Amino acid sequence: MAGGNERSMKALREVWRRPENSLCADCGKPDPDWASSTLGVFICLSCSGIHRNIPSISKVKSLKMDHWDDAQVQFLAKHGNAVTKATYEAHIPIYYYQPTYHDCQVLREQWIRAKYERREFTEPGKQLPYSDGVKEGILWKRGRDNGQFLPRKFLLSEREGCLKYFTKQDAKEPKINIKIDVINATFQPVKIGNPNGLQITYLKDNKTRNIFVYHENGKEVVDWFNAIRSVQFHYLKVAFPIASDNEIKTRLTRNFLREGYMEKTGPKQREAFKKRWFTLDHRRLMYFKDPLDAFAKGEVFVGSRENGYSVQKGLPSGTQGNFSWHYGITIVTPDREYLFTCETEAEQLDWIAAFTSVINQAMTPQEYASKYLDAVS
């Protein structure tokens with residue numbers, strides 16, 4: 001009996017060590033140490049908890065702590081991540097957002113359920129709830145002035161190339177009509193205080209505006225998110241006919257590079273430093289009095305190194321403004337220096353790394369145009 005267990009464990013380790021099984025099948029996290037004995041995939045601890053919630057589809061076991069019999073090991077050997085993905089991820093739309101282990105719970109859960117429970121990607125040309133170019137429904141939207149979440153009707157239309165929302169169900173005219181090519185959407189469960197919280201941002205007069213929404217149903221809010229990406233993809237296919245699908249995919253919704261509190265001072269660098277919430281959205285560094293403000297108090301364009309931008313650790317000697325945090329950052333631009341302070345050294349280093357990643361990238365013609373519009377607006 002002991003020999004049989006040892007043989008099974010040796011065979012299990014061999015399958016586990018295959019390169020295809022070195023990352024979680026669902027979120028890509030390295031070194032997964034759980035597996036589904038019914039699906040044949042190797043997964044991380046976090047994804048195993050989601051699988052555990054769909055027991056009719058997936059039975060999960062620890063690769064380190066649980067016993068695996070010969071038949072189960074043979075099943076894993078026959079399947080594994082590559083074979084199983086070939087079935088359950090065979091026909092994923094190019095615009096569908098495939099979450100990683102850095103993404104929030106609702107995105108990862110609905111990705112796993114879409115694959116294995118609803119089998120959305122196993123057949124070519126399958127009609128999906130986010131793929132027909134129109135979506136209408138109720139989302140709970142945060143009021144700009146009172147901070148209350150109230151139900152609002154939203155309408156997404158590929159034909160009209162826009163997203164609208166209405167303050168009343170029977171309203172004829174929308175409160176806001178947003179062109180699809182200026183929209184971004186990113187999940188913000190912690191900031192919004194709801195596990196299904198979604199932040200929709202858009203440009204108006206080349207300035208960023210925020211809308212914060214959620215839906216009680218995780219599938220519904222993820223469907224909205226992918227419907228926005230679907231409409232954007234088809235819009236951009238028309239606008240940029242020679243661009244490849246993968247090039248267009250990179251222009252769809254994006255996560256912010258970094259967010260958090262810093263202190264900042266004014267252009268004279270003698271004013272007191274004030275605590276503000278900062279969002280780095282590629283080359284736009286926006287700052288807000290409150291994380292859930294609809295409008296930024298200001299924006300800083302972060303260009304490239306070859307155009308005279310740099311980031312430095314610390315503040316210039318002789319900085320006169322009063323500040324309570326002591327881990328400084330200086331952003332140098334062709335026009336002026338921007339001074340910030342962070343509460344901890346770890347936050348300082350993380351912000352510097354984020355700024356450096358942007359500054360090291362060459363600017364595109366569109367980003368040159370954006371900088372010019374910022375300057376004249």
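The legends below describe several close-up views of one predicted model.

The model is predicted, so local features need pLDDT of at least 70 and side-chain atom pairs count only at pLDDT 80 or more, while totals for chains, interfaces and linings use all residues. Residues are numbered from 1 along each chain as its sequence is written, and side-chain values use heavy atoms, with hydrogens and water left out.

**View 1. The annotated region covers residues 6-129.** The annotation "domain: Arf-GAP" comes from an unreviewed UniProt entry; UniProt positions are given in the numbering used here, feature names are shortened, and annotations may be inferred rather than shown by experiment. Over residues 6-129, the chain is 40% helix and 6% strand. Helices (H or I, at least four residues) and strands (E, at least two) are DSSP runs, numbered from the N terminus.

**View 2. Strand S16 pairs with S15 and with S17.** Strand S16 spans residues 327-332, and five of its six residues are buried (under 20% relative accessible area; exposed is over 50% and partly exposed in between, with a 1.4 Å probe and protein chains only). Four bridges connect S16 to strand S15 (residues 310-313), in an antiparallel arrangement; two strands pair if DSSP finds at least two bridges between them. Lys 313 has Ile 329 of S16 as its bridge partner. Six bridges link S16 to strand S17 (residues 337-342), again antiparallel, and Thr 330 is partnered by Leu 339 in S17. A hairpin of four residues leads from S16 to S17.

**View 3. Tyr 96 and Phe 121 form an edge-to-face aromatic pair.** Rings of Phe, Tyr and Trp (its six-membered ring) pair if their centres lie within 6.5 Å; planes under 30 degrees apart count as stacked, over 60 as edge-to-face and the rest as tilted. The whole structure holds 19 aromatic pairs. In the pair of Tyr 96 and Phe 121, the centres are 5.0 Å apart and the planes stand at 70°. Tyr 96 lies in the loop between helix H4 (80-88) and helix H5 (105-117), and Phe 121 in the loop between H5 and strand S4 (134-142), so the pair ties together parts that are 25 residues apart in sequence. Both residues are buried. Tyr 96 and Phe 121 also belong to one aromatic cluster with Tyr 95, Trp 111, Tyr 130 and Phe 233.

**View 4. Charged ends sit over the rings of Phe 240 and Tyr 261.** A charge sits over a ring if NZ of Lys or CZ of Arg is within 6 Å of the ring centre and within 35 degrees of the ring normal. Arg 251 is placed over Phe 240, 4.3 Å from the ring centre. Lys 275 is placed over Tyr 261, 4.5 Å from the ring centre.

**View 5. Asp 31 and His 282 have positive phi although neither is a glycine.** Asp 31, with phi of about 60°, is found in the loop between helix H1 (2-16) and strand S1 (34-36). Asp 31 is exposed, at 66% relative accessibility. His 282, with phi of about 55°, lies in the loop between strand S12 (274-281) and strand S13 (284-288). His 282 is partly exposed, at 25%.
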